[in-house]
Amino acid sequence: MVICTMENNSLVAKGVKYVSHARLKVLGVPELVSVDVGSGTKTVVIDGNEVNMNDIQFDTPITGTVFGTLMNFKGVLEGLAEAVHNKPYLSPPIAPVLYIKPANTFNRYGEGIPMPEGISQLEMGAALGIVIGKKAVAVNEQTALDYVAGFTIVNDVSIPHESIYRPAVQQKARDGFCPIGPWIVDRQAVSNPDDLPIRVYINDELRQENSTKNLIRPVARLLADVTEFMTLNPGDVLLVGVPEEAPQAKLGDKVRIEIAGIGILENVIVDEKTFIRRGTK
Amino acid sequence: MRTARISYGGAIHEAFEWEGRLKLDDGRIVEEKDVVWLTPIVPRTVFALGLNYADHAAELAFDAPSEPLVFLKGPNTFIGHQSTTRRPADVSYMHYECELAVIIGKTARNVKKENAYKYIKGYSVANDYAIRDYLENYYRPNLRVKNRDTCTPFGPWLVDAADVADPMDLKLTTHVNNELVQQGTTKDMVFDIPTLIEYLSSFMTLSENDVILTGTPKGSVDTAVGDVVVTEVQGIGRLVNTIIGDESFTNR
């Protein structure tokens, strides 16, 4: 056992400062477990004991509906360039464009992401997930963050597709296509959700770098614009969007998404025949 | 058998049709007017079909699609029988869509058409309102059009699959203020129910209480605040809904 001490209001173990309160879900345990997490470490502190992440069987920490947001990074819209004025789009988007990652897609930290038969590459959609803590109906931008319980990391996996004219259910709603985790960092521990660096590594090679600084609708504005027409309930997750040039992964690749101040989400691409759904729902 | 989920006396009950009244799961027999109707099941993943009747596709100036046009709906949009749906003041075209709802009964993956009916628990009626003013050409139709709070009445009954001889031969009608405005038959679906189950389960796992809203036939007409909209599927149910305006919502 590692002895933890408190220094200047922060938990310290082995010289590592655990700066953030978070909640995680362990397989087989119904309640979320409160933990302290550090930045850049693979350990967490549970009840004063330091535990290696590899020794925890993580489950999806989410109970509600996961809503994705399309084209919320400036670079994504810029990448479409003139196409937004041409057929079939005809004009740039006005309201947030959303989609649902249904329950069959939910996946957990460390679990395989199934590669469907006949497909060779999957797009890794690194997204900050806003976890709702309080029923949010038509909230305004100024108070929007009061409705947020915390933040998590979501890999919004897709089969690469060019056209965004019709809903991409077949490309986005496959079993296991939504790893979420490893935990929900308390909102209070995230000083500015609109300034979080995002990095995606495939087999330890840095393949994408971006930041939530580049959101078209920052977190509070997105919550206001979405809840104007659609209530978000506690446990729901709203993804802020996937940055442009999402990297692709192939069978056997190890994928790691890092969002500064939130954590690291790791998964491996596996053959769908070996993927067994388990855990929640 | 036809079952409903209702609220009565401060609790949620399962209820059965009982000679024009309702028999609750605890044996009490109550009048329909004394209950609050909830959705007949708590829906899990809900799929809705766009342009799944050729005449409706033509009405909207589209060709019928070559593969099912599927979109998803979230739990916030569903309400029960005898409830109210909000029409925003700034819109010019909000229309009902009478649809047969198929409720999945068990886990389904890679199901072939010929076996598809075995995976169905039952049927209900949905009114999949759309507000055309909010249509944009990205993941169309998007959630602002199709997943608004109160915009998907669903019910009143869950009708056992065993009691429906041929779900592909049912009349659909919509009446607005007692005037017939929409009619069709499930015979005219572009992709029939077994095809939809085969299609969806070919790329994802379906589970109990997943719902497929199978699309609507021709006859979309704008509705106004105060309109009473009755969507009915023959032998399945008669779903009543009333349109209300922004003035009922005091906080926005």
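This is a predicted model: local features need pLDDT of at least 70, side-chain atom pairs count only at pLDDT 80 or more; totals for chains, interfaces and linings use all residues.
**View 1. Chain B as a whole.**
Chain B holds three helices and 19 strands. Its radius of gyration is 17 Å, close to the 18 Å that the globule rule gives for 252 residues, so chain B is as compact as a globular protein of that length. Along the principal axes, the C-alpha atoms of chain B fill a box of roughly 50 × 45 × 30 Å.

**View 2**
How many of the 252 residues of chain B count as buried? The share is 50%. Now take the contacts in chain B between residues at least 6 apart in sequence. Of these, 72% join residues at least 24 apart.

**View 2. The two domains of chain B.**
Domain 1 of chain B covers residues 1-38, and domain 2 covers 42-248. The centres of the two domains, taken over C-alpha atoms, are separated by 24 Å. Six residues from domain 1 and ten residues from domain 2 make the contact. Which element gives the most to the domain 1 side? Strand S1 of chain B (residues 2-8) does, with three residues. By type, the domain 1 side has four nonpolar residues, one polar and one charged.

**View 3. Where chain A touches chain B.**
Here, 33 residues of chain A are in contact with 26 residues of chain B. On the chain A side, the elements that give two or more residues are strand S9 (66-70), strand S10 (97-101) and helix H2 (169-172) of chain A. S10(A) gives the most, with four residues. The chain A side divides into 24 nonpolar residues, five polar and four charged.

**View 4. Helix H3 of chain B and its buried face.**
Helix H3 of chain B spans residues 193-203. Its buried residues are B:Ile193, B:Leu196, B:Ile197, B:Leu200 and B:Ser201. An α-helix has 3.6 residues a turn, so residues three or four places apart point the same way.

Notes: Residues are numbered from 1 along each chain as its sequence is written. Chains are lettered from A and ligands numbered from 1 in the order in which they are written. Domain bounds come from an automatic or database domain assignment. Two residues are in contact if their C-beta atoms, placed from the backbone, lie within 7 Å. Ala, Val, Leu, Ile, Met, Phe, Trp, Tyr, Cys and Pro count as nonpolar, Asp, Glu, Lys and Arg as charged, and the others, Gly among them, as polar. The radius of gyration is taken over C-alpha atoms; the globule rule is 2.2 Å times the number of residues to the power 0.38. A residue is buried if 20 or more other C-beta atoms lie within 10 Å of its own, exposed if 12 or fewer, and partly exposed in between; C-beta atoms are placed from the backbone.
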